[in-house]
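Colleague: Could you walk me through this one? I'd like to start with the aromatic rings.

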Amino acid sequence: MNDTPEKPTAAKKAPAKRTTTKAPAKKTAANKTAATKAPATKAAAKTTAKAAAKKAPAKKAPARKPESRTAVVRRARRINRELAELYPYAHPELDFTNPFELLVATVLSAQTTDMRVNQTTPRLFAVAPTPEDMAALPPEELEELIRPTGFFRAKTKSLIGLSTALRDRFGGEVPGRLEDLVTLPGVGRKTANVVLGNAFGVPGITVDTHFGRLARRFGWTTQEDAEKVEADVAAIFPKSEWTMLSHRVVFHGRRVCHSRKPACGACPIAPLCPSYGEGETDPEKARKLLKYELGGQPGQRLKPPADYPGQPAPPMAPPAAAS
C-alpha cells in the first residue's frame, strides 16, 4: 500500500524536470536578446561619438577668466608691440603730399577703399590743387572728377564747403587744431585725427570700422560709438603711441582680422586675442584669407613708402572708348 501513492508522486515530479530542462532555453533566449542589443548599443555609442566629433570644431576657445585692469593694459600693450614687429612699415594708406590733399582724400575715403581714392585723386589735384581752386570748381565738374569714389554728390558738397571755409576763414591753409578741423563741412573727429596725426605730427587715434572692430575683439572696449572707443583706447596707451597704433591696428584689420571671416589660424597675435576662434582656425585655410602684401596682392597706395614690402596699387584704367 505504500508503493501505490509513490507512483503519482513520481508523475508529479516529471513536469518539474521538464521545467528544469527549459530553464537553459530561457537563458539562451535572454542571451540572444542581449547579443542582439549589444551591437545596437555599440552603434548608438558610435553615432553619439560621431555627433560629438562633428560638434567639436564649432566650439570656440574656452572663455577666459575676467581680467584685471592691469592685465588688460599689459596684454593690450603687448599686442601693440607684436603688431609693430609684424608691420614695421605701417603707414596711412592714402596718397598725399600736403595737409590739404590728405584732408580731401580722407573725406573721399568714406564708403569706399583707399585704393579707389588713390586712383581718383591724381586727376582731381591736377585740376584743383588748392582750396581756392577747389572752391571755384563748378559742382558738376567736381562730381565727375570724384564719381569713382561713390556718393559723389554728397562728397562734392563737403569738398566745396570745406574748401570755401579754408579760403575764407583760415587763409587757404588747413588748421592744425582738432577744434578748428571739426568745424569744416564733412570733417569729424576721425578725419581730423587722420590729418593731425599724419600731416602735423599731433598724436590721435583714428577709429574707423577696422579699428573699432579690432578694439572690441581685443577686449580693449565694449563700446560701439567711435568717440567712446577712442576714449577707452586712449586710456590704455601713452599718447605718443596713438597715431602709429592706429595704423598698425587698421593694417591688421585689413590684412588678417577681417570683418566676416578673420584668419585666426594665420594670426601671429592669436595667443593674445580673447576672440580667437571667431574665424578660420585651420592654418592652411587661414593663409588663403590674407590680403595685400601678406597675400601676395598689390597694396592700396599708388606711391607707397620706400620700406613697403608689397606692390603698389595699379592706376585707374582709362574709360573704355565708346564704340
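Colleague: Which residues do ring pairs link into a cluster?

Modeller: Bear in mind that this is a predicted model, where local features need pLDDT of at least 70, side-chain atom pairs count only at pLDDT 80 or more, and totals for chains, interfaces and linings use all residues. Residues are numbered from 1 along each chain as its sequence is written, and side-chain values use heavy atoms, leaving out hydrogens and water. Rings of Phe, Tyr and Trp (its six-membered ring) pair if their centres lie within 6.5 Å; planes under 30 degrees apart are stacked, over 60 edge-to-face, the rest tilted. The cluster joins Tyr87, Tyr89, Phe251 and Tyr308.

Colleague: Which residue lies over the face of Phe251?

Modeller: A charge sits over a ring if NZ of Lys or CZ of Arg is within 6 Å of the ring centre and within 35 degrees of the ring normal. At 3.8 Å from the ring centre of Phe251, the residue is Arg255.

Colleague: Are Phe218 and Trp220 stacked, edge-to-face or tilted?

Modeller: The whole structure has six aromatic pairs. For Phe218 and Trp220, the ring centres are 5.1 Å apart and the planes sit at 50°, so call the pair tilted.

Colleague: How many of the nine residues of helix H10 are buried?

Modeller: Helices are DSSP runs (H or I, at least four residues), numbered from the N terminus, and buried means under 20% relative accessible area (1.4 Å probe, protein chains only). Phe211 and Leu214 are among the buried residues of H10. For H10, residues 209-217, the count is seven.

Notes
Buried means under 20% relative accessible area, exposed over 50%, partly exposed in between (1.4 Å probe, protein chains only). Helices (H or I, at least four residues) and strands (E, at least two) are DSSP runs, numbered from the N terminus.
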